[in-house]
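Please have the sequence and the coordinates open while I talk.

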Amino acid sequence: MPERAATVASRVGLHARPAAIFAEAVGEFDLDITIARADEPADEAMDAASILSLMSLGASHGDVVVLRAEGTGADDALERLVRILETDHDAE
């Protein structure tokens, strides 16, 4: 299963607006995509398309998260999602 690490760039972490932007992008893919903090085991990963899961993750600015996806196009999807997480959406 492909996976990528990303550093949360938004100053408020993965909350409200950044979580909504990310969840919307995840929903565009017909893949099972999960997210977890880098220091957590893979079996505790959450559904990356769920805004509530994203906000309950508690990822703050500078935290590293791990994205995992399974299916055709998973590598491309993860690359796009990493770029979203590594963008400070609060600065836009």
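Predicted model: local features only at pLDDT ≥ 70, side-chain atom pairs only at ≥ 80, totals over all residues.

**Salt bridges and a cavity**

Let me start with Arg-80, which is partly exposed at a relative accessible area of 30%, where partly exposed is the class between buried, under 20% relative accessible area, and exposed, over 50%, with a 1.4 Å probe and protein chains only. Residues are numbered from 1 along each chain as its sequence is written, and side-chain values use heavy atoms, with hydrogens and water left out.

The side chain of Arg-80 meets that of Glu-28 in a salt bridge of 2.8 Å, N to O, a salt bridge being a side-chain nitrogen of Lys or Arg within 4 Å of a carboxyl oxygen of Asp or Glu. Because Glu-28 sits in the loop between α1 (16-27) and β2 (32-37) and Arg-80 in helix α3, this pair ties together parts that are 52 residues apart in sequence; helices (H or I, at least four residues) and strands (E, at least two) are DSSP runs, numbered from the N terminus. Glu-28 is itself partly exposed, at 49%.

How many salt bridges does a search of the whole structure find? There are 7, and one of them joins Asp-75 and Arg-4 at 3.1 Å, N to O. That pair links distant parts of the chain, with Asp-75 in helix α3 (residues 74-85) and Arg-4 in strand β1 (residues 3-7), 71 residues apart. Asp-75 has 40% relative accessibility and Arg-4 has 23%, and both residues belong to a network of salt bridges that also includes Glu-79.

The volume of the largest cavity is about 50 Å³, counted as the space filled by probe spheres set on the points, which are joined across faces, edges and corners. Its lining includes Val-8, Phe-22, Ile-84 and His-89, and the elements giving two or more residues to that lining are α1 and α3.

Technical notes: 1 Å grid on protein atoms, 1.4 Å probe; cavity = no way out; pocket = protein on both sides within 12 Å on 5 of 7 lines; lining within 4 Å.
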